[in-house]
Amino acid sequence: MKFRCQTNFKKSNLTGSHVQHLVCACGRYKMRWCPSPVLHLLRCARLQLYTRRGRNRLPLWIREKWAYVRLLVQSLYFNSLTDSDVVFDSIFEPVFWTVDYVTRWFGLVFVFLVVILVSSCVVIAYVVLLPLVLNTYSPAWIVWHLCYGNWIIIMIGFHYYKATKTSPGFPPTEKNDSPFVSVCKKCIMPKPARTHHCGICNRCILKMDHHCPWLNNCVGHSNHRYFFSFCLFMTLGCVYCSISGRNLFLDAYNALERFKHLDMEKPGIPVTGMGILIGLLPPGQTNYQTSAPVYTFKEKMINKSIIYMWVLTSTVGVALGALTIWHAVLISRGETSIERHINSKEKKRMAKRGKVYRNPFNYGRLNNWKIFFGVEKRSHWVTRVLLPSGHAPYGDGLTWDVFPVKKDLIPV
């Protein structure tokens, strides 16, 4: 049986897929039923089809963009480990990038703002409040306020400076024998235990807690103690100012209200009728001038300064106090802010399997605090906690003891 092929490919309705199927069929059955002229025509048609496709190609930059978009879409379901968190991070990646960018460039602005606010309160305390304390308080209260106030100022300034200037700690970038638990997807470097990548610093941080914009620095293994101590003593200072300055605030507020009523009074009283005839006013004057106000500009500014300081310290004391309590709870549990979220997910995952998850870095409340502050003997509670101290933290941040013996890690 002979096969006749009188098809004109230029006028035919065959599509590219039809041509490919015919070529494959001819190749599969070889020359069993399809003569060589037909194969030649099919090959010419396929070549012409690919040439026509090449002429209609989009520009290179459009094809690259399209390929990148396809890659992003395919990355949402690239393996079985993809979950809602991966999809959420992929969708909100532009938002995260914008927040990281703004925080990175506005870090110095936040630091400058902290310095200005704290300095303004210190100036008001020495210029406005100290003279009032010396004139109204008893000698015992004067000594208390001077000692406590200056101690708080020194502790706040020291720990804030150390928290901003101390490196949080970075994993080694060169090859070494240190153990690691994973590889960072962004740094492509080994990550030791409790190490996480900071998108703002664009580096991996040892025992990372979070990136603090008010420090313009990450809070990690080497400066975590400075950060918490700054929050603690700043809270104590704000609470001290709020409680001790409450009566001064009320007096200053009442004084400003009284000054406001005095300003609302008219500067003169018109005199008419018999008042002019009996000579109450000099010739040509029609208003009776009142006396000057009973307060000065200096008194007004002093009262406003007291109100400003009390409102600022009370607001910061409440907000920062809540943050300090939260970090104290985390330290008691032996975990950081990031590990809090990780451990909560692990607890839920293990609970579904009927198991109980235990934080491997929780050494007990007292041990956690001793390790955090670096307390090695009893006197260190005073010299390293209540006084400025620049000692190094416990451990190197690369290796951690897991489930130690119940005895104290640092005997005191």
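This is a predicted model: local features need pLDDT of at least 70, side-chain atom pairs count only at pLDDT 80 or more; totals for chains, interfaces and linings use all residues.

Biologist: Why are α11 and α13 called roughly perpendicular to each other?

Modeller: Helix α11 (residues 297-333) packs against helix α13 (residues 365-373) at an angle of about 110°. Angles of 65 to 115 degrees count as roughly perpendicular, and therefore the pair gets that description. Their axes are 7 Å apart.

Biologist: Which residues make that contact?

Modeller: On the α11 side they are A328, I331, S332 and R333, and α13 brings R365, N368, W369 and F372. Sorted by class, that contact has four nonpolar, two polar and two charged residues.

Biologist: Now to α12. How do you know that the distance between its end C-alpha atoms agrees with its number of residues?

Modeller: Helix α12 (residues 337-352) has 16 residues, and at 1.5 Å a residue they should span 22 Å. The expected span takes one less than the number of residues. The end C-alpha atoms of α12 are 24 Å apart, which agrees.

Biologist: Which residues of α12 are buried, and what puts them on the same side?

Modeller: S337, E339, N343 and M350 are the buried ones. Around the axis they cover an arc of only 135°, so they lie on the same side of α12. Part of what covers the buried residues of α12 is α11. On the face turned away from that buried side you will find H341, K345, K348 and K352, which are exposed.

Biologist: And what does the backbone do just after α12?

Modeller: G354 takes a positive phi there, of about 80°. R194 also has a positive phi, of about 70°, although R194 is not a glycine. You can find R194 in the loop between β2 (190-191) and β3 (196-198).

Biologist: Why does R194 count as buried?

Modeller: Its relative accessibility is 9%, and buried means under 20%. R194 therefore counts as buried.

Biologist: What about N216: where does it sit, and what makes it partly exposed?

Modeller: N216 sits in the loop between β5 (210-212) and β6 (217-219). The phi of N216 is near 55°, a positive value in a residue other than glycine. Its relative accessible area is 30%; buried would need under 20% and exposed over 50%, so N216 is partly exposed.

Definitions and conventions
Residues are numbered from 1 along each chain as its sequence is written. Side-chain values use heavy atoms; hydrogens and water are left out. Axes are lines fitted to C-alpha atoms, for helices over the stretch in contact, and angles run from 0 to 180 degrees between N-to-C directions. Helices (H or I, at least four residues) and strands (E, at least two) are DSSP runs, numbered from the N terminus. Angles under 35 degrees count as roughly parallel, over 145 as roughly antiparallel, 65 to 115 as roughly perpendicular and the rest as oblique. Contact means heavy atoms within 4.5 Å. Ala, Val, Leu, Ile, Met, Phe, Trp, Tyr, Cys and Pro count as nonpolar, Asp, Glu, Lys and Arg as charged, and the others, Gly among them, as polar. Buried means under 20% relative accessible area, exposed over 50%, partly exposed in between (1.4 Å probe, protein chains only). The arc is that of the directions from the helix axis to the C-beta atoms.
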